[in-house]
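Me: I would like to learn how to read some features of a protein model, one at a time. Please give me the general idea before each case.

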Amino acid sequence: MKKNFLDRFKFNGEIPSGPKETESLSPIQQNTESKGDNRRDFIRKSALGGLSLGMMFDGNPSKEIEFLTQKVNRSSNPSDLKITDVRIAVITKAPMTCPIIRIDTNQGISGYGEIRDGASAKYGLFLKSRLLGKNPCTPEMIFKEIKQFGNHGRAAGGVCGVEMALMDLAGKAYGVPAYQMLGGKYRDHIRIYGDTPTLPDPIAFAQKMNERKKLGLTFLKMDFGVELLKNHPGTVIGGQNMDYTRQWGTAGPQKGNARGYSMTKHPFTGIQITNKGIEIMANFVDETRKVVGYDIPLAADHFGHFGVNTAIRLGKALEKFQLAWLEDMVPWFYTDQWKQISDAIDTPTLTGEDIYLKEEFVKLIDNKAVDMIQPDLASSGGLIETKKIGDYAEERGIPMAMHFAGTPVCFMANIHCAAATENFVALEHHSFDVPWWEDLVTGIDKPIYKDGFVKVPDTPGLGIDMNEKVAKEHLASGELYFAPTTEWDKVDSWDRTWS
């Protein structure tokens with residue numbers, strides 16, 4: 001007759017317990033023993049437990065392991081995870097065009113990232129041959145292998161999108177949110193600042209800013225630049241041969257100039273703003289402050305392409321409005337000019353949305369050239385690199401805002417990075433006027449942002465999945481939803497950068 005497993009190690013019908021160890025102990029020692037703090041008793045009980053399991057499963061190790069790990073997440077086996085595919089779905093009118101990258105694995109889980117708005121999907125696809133067969137749970141190591149293929153601005157998009165997807169995959173494999181892999185979170189809610197495009201009338205623009213405030217936002221940013229002066233004679237010097245109304249686009253060269261205005265660096269346009277023009281521009285801020293008040297931070301951006309002296313004059317005229325920062329007044333790489341501006345005005349200065357990797361941020365910070373930094377995670381290197389950038393700035397007393405313009409995929413990558421970075425101030429949001437924006441993803445509580453903040457999700461990875469139905473409704477013309485990409489499977493270059 002088969003015995004009960006406890007009966008198997010009874011001796012004379014008794015479970016062995018050893019001598020009564022408390023009999024010879026002092027009152028203090030006995031008190032310690034009563035609290036279960038006796039090492040010998042702990043070891044004895046542990047050994048007994050091991051014997052119990054061994055007897056229960058007839059010495060079958062696989063059954064013992066299955067019992068001991070029954071509550072362990074079995075969604076993946078991280079050490080055996082391998083990348084098997086990389087695919088793209090290009091979303092349009094979000095309001096930008098944004099390629100979403102999906103990395104698939106041999107265990108059926110996928111990770112999502114985003115190639116920066118306005119960048120080519122090919123920046124991500126040509127990295128596929130460098131990723132196949134690798135374990136996505138080593139995002140920093142893979143990043144170091146592919147970071148040579150990124151550069152400043154949109155050229156960084158592929159590397160950064162891959163890094164986001166790797167962090168999403170690693171989080172899903174280990175069953176932890178992305179912020180946990182960055183060292184944990186400093187905050188449970190992320191503050192959002194609302195970007196507001198320019199309107200030509202200052203009263204109408206102020207009302208648009210107030211609409212943003214009524215959404216519950218506690219931080220606003222306004223775009224206003226030299227193009228607002230188009231119909232005001234006597235406000236812009238040097239505009240005859242430069243179409244200063246077009247900050248964007250790739251218009252060809254104009255008479256006497258190598259390039260069009262949008263592609264000419266600020267010091268080389270010859271544009272100056274007169275006192276009359278500066279007064280008109282300052283009036284936009286004045287009208288906005290009258291409506292939204294002074295209890296809410298208000299930043300400013302997209303001033304136009306003009307030299308450092310005009311930037312300083314405009315900056316001084318805006319000081320009385322106590323703006324949170326003046327953004328990208330000159331290109332980020334003119335460190336000395338940034339220091340000139342920062343030293344000359346009392347409003348904080350900020351740049352960084354087009355900088356790739358930590359090194360160029362270090363130059364700005366160490367030279368005290370700006371008061372704040374603003375990496376765009378889709379250009380700066382992804383979650384890990386942006387966390388390093390923020391930490392470097394934090395050690396030197398510099399706050400970090402975060403630039404963002406894209407879909408909820410990149411947005412959530414920013415949320416996790418912001419949660420894990422101590423000197424974070426606010427994250428940009430560009431898509432308040434896109435009604436289907438939040439519907440692009442599932443797996444997260446809706447609305448994603450509420451009363452000016454986003455709750456940091458505790459679900460694995462970035463905390464989202466794609467909503468296939470909605471995404472297919474907003475694909476760019478001629479694009480397919482995560483179509484096969486076998487043409488990018490093979491490496492066709494020797495990548496080592498040293499001999």
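Me: In which hand does H9 pass H10?

Reply: A crossing is left-handed if the near helix is turned anticlockwise from the far one by less than a right angle, and right-handed if clockwise; in this model, H9 passes H10 in a right-handed crossing. The names come from DSSP runs, numbered from the N terminus, with helices being H or I runs of at least four residues and strands being E runs of at least two. Please keep in mind that this is a predicted model, in which local features need pLDDT of at least 70 and side-chain atom pairs count only at pLDDT 80 or more, while totals for chains, interfaces and linings use all residues. Residues are numbered from 1 along each chain as its sequence is written, and side-chain values use heavy atoms, with hydrogens and water left out.

Me: At what angle do the axes of H9 and H10 cross?

Reply: Axes are lines fitted to C-alpha atoms, for helices over the stretch in contact, and angles run from 0 to 180 degrees between N-to-C directions. The axes of H9 (residues 202-214) and H10 (residues 275-292) come within 8 Å and cross at roughly 40°. H9 is therefore oblique to H10, given that angles under 35 degrees count as roughly parallel, over 145 as roughly antiparallel, 65 to 115 as roughly perpendicular and the rest as oblique.

Me: Which residues of H9 and H10 meet?

Reply: Contact means heavy atoms within 4.5 Å. On the side of H9 the residues are Pro 202, Ile 203, Phe 205, Ala 206, Gln 207, Met 209, Asn 210 and Lys 213, and they meet Asn 283, Phe 284, Glu 287, Thr 288, Val 291 and Val 292 in H10. The residues of this contact of H9 with H10 divide into 8 nonpolar, 4 polar and 2 charged, where Ala, Val, Leu, Ile, Met, Phe, Trp, Tyr, Cys and Pro count as nonpolar, Asp, Glu, Lys and Arg as charged, and the others, Gly among them, as polar.

Me: How do H13 and H15 pack?

Reply: H13 (residues 358-366) and H15 (residues 383-395) pack at an angle of about 15°, with their axes 10 Å apart, which means that H13 is roughly parallel to H15. Lys 358, Phe 361, Val 362, Ile 365 and Asp 366 of H13 make the contact with Glu 385, Lys 388, Ile 389, Tyr 392 and Ala 393 of H15, and the residues of this contact divide into 6 nonpolar, no polar and 4 charged.

Me: Where do cis peptide bonds and a positive phi occur?

Reply: Most residues other than glycine have a negative phi, and most peptide bonds are trans. A cis peptide bond joins Ala 94 and Pro 95, with omega about 5°, and Pro 95 lies in the loop between strand E1 (83-91) and strand E2 (98-105). Lys 93, found in the loop between E1 and E2, has a positive phi of about 60° although it is not a glycine. A cis peptide bond also joins Lys 446 and Pro 447, with omega about -5°, and Pro 447 has its place in the loop between strand E14 (441-442) and E15.

Me: How much space lies in the second largest pocket, and which residues are closest to its centre?

Reply: On a 1 Å grid over the protein atoms alone, a pocket is an open set of points where a 1.4 Å probe fits, with protein on both sides within 12 Å along at least five of seven lines, and lining residues have an atom within 4 Å of a point. About 240 Å³ of space lies in the second largest pocket, counted as the space filled by probe spheres set on the points, which are joined across faces, edges and corners. Of the 15 residues that line this pocket, the closest to its centre are Ile 444, Asp 445, Ile 448, Lys 455 and Val 456.
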